[in-house]
Structures are given as C-alpha cells and as structure tokens.
Amino acid sequence: MKFVEDGMESPSPYHYALTAFHLSLIINLVFSGQAVESPEYTLIHQQSDFEIRLYKDISWMSAPVLQATSFQKSTKAGFHRLYQYIHGANLNSTQLAMTAPVLTTITEATHGSSFFVKMSLPAYYEGTPPQPNSELDLQLEKWRAKCIAIRKFSGFARDDNIGEEAEALGTSLNEHWNGTLESKSSYTIAQYNASNHLSGRFNEVWMAVSGFGAEGCSSHGSHDQGKY
C-alpha cells in the first residue's frame, strides 16, 4: 500500500472503498481456510449426502491419545501437542505453517477408544519433516494414495453427534455403494475451523474405502507409521 506524501492529492473515496474491499477479501480468505494449505484430492464420485475423493500421498504428524473416552478432550490434548510442534518444539526449532483440516481418527475397542489427532505436513516438509521433541510423543504417518468416503456436517463436532454422523455415512455407503470399508471399527472426523470460530463451521466424517470402480480406488490404500 502506498502512503500519500505531503503536497499530493488525497486518495478518492473510491480508493478507500477498493482498499477496504481488498482487506476484507484477504481476511475472508484466511478465516475461511482458503489461504491454508490442504491435502490435494480428486473428486471421484458424488451423491447428495456423500462423496468419494482420491487423495494423493500425504504425510501427517500424529498425536496418539490412547484408551480415552472423550473425542473432544482427546482432540484438544492431541492438538495442543501438534500446536507446540509447529511452533518450534522440534529439534530445528522450525516454525511450520498451519494446515487444514485437523483430523481425529477414532478407533473403538472393548476397553476404551484410541484417538489419533493429525495435521498434514506442508508440502515443503513432507520428505524430511523436522523431528519433534521427544516429550510430545508424536508419530509420522505416511499415506499412500487412497480413496476416502466423505460426509459433510456443520456446527461443532462433539461427543454427542460424531457417532451419528459416522453411522449416517455408513448407511449411505451401504445403500449406494458396493465397495469395502478399510476398517469397520474406526472413522475420522475432519475439522476445518478454529475453536473460536462460532458460525459457519465446516466438518467432515472420513472413512477409507476400496472396491470403487475408478482408478486409484480399486484396492486398499496403505500407510506407514513410525514413532520418532
């Protein structure tokens, strides 16, 4: 933005209106998530209540929260560790950009569920990400290309509604699709908004699938996971 020097003509009202518009556009882009890096995917199939996406290879940093009972508390605890990591709690004291969405994978078991809170690594760091400080207990998880069934929902993702959303996605897949779920005991919640974003919130349920009649979805994807 240029400053007006003494003796020069003051900018017109149109100038101020245009500047305000550009500033508003930048703010909207940042807070709507469009200015945040997200994993790339190709839309393979779409129905009224779900879609199938083919995601490319992705590297995630994962914070396990084991034998827990609350999605909300586990997501908060796991994200706190990831937040420290991207803000320099790593061996290089490297600052990493925030990415979206933040995932929480819920794996149900008899003696309590396990939660894995994840953030995708910026493309620049996918090959050799900074090593997290050991006290954070983070894991590097690498996905090979895989297909994900997606159901979108609004509002806050909470302990009392995520199970219903996952069940609804499962019902839709049973009715409209003949493929195979990668796991029947786990699903993932993807959140795209900060906790202080109160309106217009956007979330998704993810389930890895195979057997769909499209290139890249004919077999199970896989992933490698290792603890630092």
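This is a predicted model: local features need pLDDT of at least 70, side-chain atom pairs count only at pLDDT 80 or more; totals for chains, interfaces and linings use all residues.
Trainee: What is the mean pLDDT of the chain, and what share of its residues reach 70 or more?

Mentor: pLDDT is the predictor's confidence in each residue, from 0 to 100. The chain's mean is 82, and 78% of its residues reach 70 or more. Over residues 1-34, though, pLDDT is below 50, and that stretch makes nine contacts beyond near neighbours in sequence (contact: heavy atoms within 4.5 Å).

Trainee: How does the reach of helix 2 compare with what's expected?

Mentor: The expected span is 1.5 Å times one less than the number of residues. Helix 2 (residues 71-86) has 16 residues and reaches 22 Å from first C-alpha to last, close to the expected 22 Å.

Trainee: Which residues of helix 2 are called buried, and why are they said to line one face?

Mentor: Buried means under 20% relative accessible area, exposed over 50%, partly exposed in between (1.4 Å probe, protein chains only). In helix 2, that label goes to Phe 71, Ser 74, Thr 75, Gly 78, Arg 81, Leu 82, Tyr 85 and Ile 86. Their arc, taken from the directions from the helix axis to the C-beta atoms, is within 135 degrees, so they line one face of the helix. An α-helix has 3.6 residues a turn, so residues three or four places apart point the same way. The face turned away from the buried side carries exposed Lys 73 and Lys 76.

Trainee: Which elements do those buried residues pack against?

Mentor: Strand 3 (58-68), strand 4 (102-107), strand 5 (113-120), helix 3 (162-176) and strand 9 (186-191).

Trainee: What caps the N-terminal end of helix 2, and what follows the helix?

Mentor: Ser 70 is the cap, with a side-chain oxygen 3.4 Å from the backbone nitrogen of Gln 72. After helix 2 comes Gly 88, with a positive phi near 110 degrees.

Trainee: Why is Thr 94 called buried?

Mentor: Its relative accessible area is 17%, so Thr 94 counts as buried. Thr 94 sits in the loop between helix 2 and strand 4. Beyond four places in sequence, its contacts include Tyr 85, Ile 86 and Gly 88.

Trainee: And what makes Arg 158 partly exposed?

Mentor: Arg 158 has 34% relative accessibility, so it gets the in-between label. Arg 158 is in the loop between strand 7 (146-154) and helix 3. Leaving aside neighbours within four places, Arg 158 contacts Phe 71 and Gln 72. Its C-alpha is 9.8 Å from that of Lys 73, 85 residues away along the chain.

Trainee: Is Ser 172 buried or exposed?

Mentor: With a relative accessible area of 4%, Ser 172 is buried. Ser 172 belongs to helix 3, and among residues beyond four places in sequence it touches Asp 49, Phe 50 and Trp 177.

Key. Residues are numbered from 1 along each chain as its sequence is written. Side-chain values use heavy atoms; hydrogens and water are left out. Helices (H or I, at least four residues) and strands (E, at least two) are DSSP runs, numbered from the N terminus. A polar contact is a pair of N or O atoms within 3.5 Å; within protein, one must be able to donate a hydrogen and the other to accept it, and residues adjacent in sequence count only if both atoms are side-chain atoms.
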